[in-house]
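Hi,

Here is the model I promised to pass on.

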Amino acid sequence: MEMANDLSIRSGLEIRDLTKRYRSGALANAAIDLHVERGEVFGLLGPNGAGKTTLVKQLIGLLSPTSGSIHLDGVDLVAFPDQARRLCAYLPQGALPIDALEMTEAIELVGRIRGGSRDDVIRRANSLIEDLEIGEWRHTPGHRLSGGVKRLCGFVMAAVWPSRLLILDEPTNDVDPLRRRLLWREIRRLGDAGTTILLVTHNVLEAEQSVDRLAVIDQGVIKACGTSAELKAPSRDSLRLELHLALGGDAKTRVLDSVPHFVADVATLGHRRHVFVSQEAAAEAIRWAQELSASGAIEEYSLSASSLEDVYLAIIGRSDALDGAAGGESS
Amino acid sequence: MIGDSSARPEGSRELAQPVAKGERGVIAHWLRSFWLLLQWELRSLRLYVTLAVIVQILLGPGMIVGYGYLIGDVDTFTATYLSTGLGVVSMVTIGLVLAPQLVAQQKLTGTFDYMFSLPVPRTTTIAAALAINCLIALPGLVFALLAASWHFDITFEPSWTLVPAALLTVLTAASIGFAMAHAIPSPQIVGLITQILIFGLLLFSPINFPPERLPSWLASVHEWLPFYHSANAVRSSLTEGMATEVGRSFVVLAAWAVASWIVTALVVGRRR
């Protein structure tokens, strides 16, 4: 048995000093250290091209690391990629190859390939299909499923047979708000049952509500790791004034021209401005926003505590360039 | 709304356990995986397989009748030579043209990325796909021979070696097609090469005519390529005295199949 001799390796997912450099020379993962507790729902956040998928593909043995180690409950996944695929279930971000298969056919076959008996797989599949309320498409072939239902079918394919690590790459893409909630409930249940869950996403708002802990990855490096509250701690005193710019004209310029002294930072998200101010300046900030509103420069405004999205954009340091990529509009 | 919770995967005792397999366990796992993947492929490709079989059933007889128009009245020897050759052409076409085009398309839709993330030996994925191609290709030979015996009024004398000869022909062609489609990254290039191959196969390969008609350099090249040997092996199993050095043909075909498997294994088996 290929269990680790190193007693310092903990249960759950233990990634140490993981570096992946492609033959082209591109550095996709740089010395990543990460520990996910067993049964934890862990979010991996990062913009496109941050190195998320590269990391995942090393977990399931599709890519081999340049250096470093990956252990899952003590099993060395780098040395034994076959074991990695047995212990990990994976919902890829891309299309699932189930166009000609009926939903239940695809789920049943994958469940059996993952090691389940036909009866067990069918029983579990039925339960998940009912819980996610996708029963009406049970016998619909994949090419006729909507994007969201297909994602949910992919989730059931990954979850229908128990695994040690469930890797979900953007599981809620295209899923309607109601079923998103059902999906999160299922994910939480699996975590409670002892499955470690790695959720890969760039949807920060959703991650904030759903994960136990999260890590932000950018340019191959883990920039921050902790609970949502821990990540937000440094900006606890900061408030966010959100300004919806009036469309057309020179509204944009006017707002930028008149940024007052109490403004600590500004972020641009489409036709919104996020203006950060200290708590002491709250009254002044509201007065300023009311003036802008009266002058017609903005349509509306709101003041709230800094969100994880603000922290995320600050961490990856590209708030002006991202333009809503943090998934603020998603659900 | 909440379903029966007893039916859900739960409890750590049920979580997947790492296993160390014995030799028998490895074989059983391979066979089970192969069987399940074969079902996956058959069901995923049911429309494609059905259409391909229909095309094969029409293609073999179609070539017999069409070539009959081309060459006019022929003696029994020529008709037998041509018919056995066309049966081989219909099988090789599946392996060298349709199989790589299907692989190229599956690569585009991410099929292999997904299949390779499942806990199955990668050889089973390839083996299942090869089996499907054999299934599609064999009716081409059968119906070509039936059509030939009716159209040219000839009889064949099939021996037991027809089964290994036909299987090896399909397997070798499909294995080459797979190796090519997996090794070449661009689907467009794969498509182009298959077009060139079918051209060379029909006009410049000694399948439907004896190699002596080719320039000597091309004839000697074909001594090492699989096409002449496919025809020779199949022909020897259907006729008396029309084929020579059959043992060598089987060896060359098997060598091409094994070489293709090695290339395929190297390409799909490596972790980049």
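**What I found**

Chain A has 12 helices and 14 strands, where helices (H or I, at least four residues) and strands (E, at least two) are DSSP runs numbered from the N terminus. Before the details, some housekeeping: this is a predicted model, so local features need pLDDT of at least 70 and side-chain atom pairs count only at pLDDT 80 or more, while totals for chains, interfaces and linings use all residues. Residues are numbered from 1 along each chain as its sequence is written, chains are lettered from A and ligands numbered from 1 in the order in which they are written, and side-chain values use heavy atoms, with hydrogens and water left out.

**The two chains**

Of its 331 residues, 57% are buried; buried means under 20% relative accessible area, exposed means over 50%, and partly exposed is in between (1.4 Å probe, protein chains only). Take the contacts in chain A (heavy atoms within 4.5 Å) with a separation of 6 or more: 72% of them are between residues 24 or more positions apart. Its accessible surface is about 13200 Å², and carbon and sulfur atoms own 48% of that. Those areas come from the Shrake-Rupley method with a 1.4 Å probe, and for residues only the protein chains shown count as cover.

Chain B is built from 10 helices and 0 strands. Its C-alpha trace spans about 75 × 40 × 40 Å along the principal axes, and 50% of its 272 residues count as buried. For contacts between residues at least 6 apart in sequence, 81% join residues at least 24 apart. The accessible surface of chain B is about 12900 Å², with 69% belonging to carbon and sulfur atoms.

One thing to look at on chain B: B:L47, B:L51, B:I54 and B:L58 make a nonpolar surface patch with about 420 Å² of accessible area together. Patches take residues with over 30% relative accessible area and no salt bridge, joining like charges within 9 Å and nonpolar side chains (Val, Leu, Ile, Met, Phe, Trp, Tyr) within 5 Å. B:L58 sits in helix α2 (residues 46-71) of chain B, and it counts as exposed because its relative accessibility is 58%.

**Strand β7 of chain A**

Is this strand buried or exposed? In β7 (residues 165-169) of chain A, 5 of the 5 residues are buried, so the strand is largely enclosed by the rest of the structure. Both faces are covered, with A:L165, A:I167 and A:D169 buried on one side and A:L166 and A:L168 on the other.

As for pairing (DSSP has to find at least two bridges between two strands), β7(A) runs parallel to strand β6 (residues 88-91) of chain A, with 4 bridges joining them. A:Y90 has A:I167 as its bridge partner there. β7(A) is also parallel to strand β8 (residues 196-201) of chain A, through 5 bridges, and A:L168 stands opposite A:L199 in β8(A).

**Salt bridges**

The whole structure has 24 salt bridges over all chains, each being a side-chain nitrogen of Lys or Arg within 4 Å of a carboxyl oxygen of Asp or Glu.

- A:R118 and A:E108 have their closest N and O atoms 3.4 Å apart. The pair links helix α4 (residues 118-131) to helix α3 (residues 103-113) of chain A, 10 residues apart. A:R118 is partly exposed at 42% relative accessibility, whereas A:E108 is buried at 13%.
- A:D131 and A:R189 come to 3.1 Å between the closest N and O atoms. A:D131 is in helix α4 and A:R189 in helix α6 of chain A, so the pair ties together parts 58 residues apart in sequence. A:D131 is buried, with a relative accessible area of 0%, and A:R189 is partly exposed at 21%.
- A:R180 and A:E206 meet at 2.5 Å, N to O. They sit in helix α6 and helix α7 (residues 204-210) of chain A, 26 residues apart, and both are buried.
- A:R240, A:E242, A:R272 and A:D310 are joined into one network by salt bridges that share partners.

Cheers
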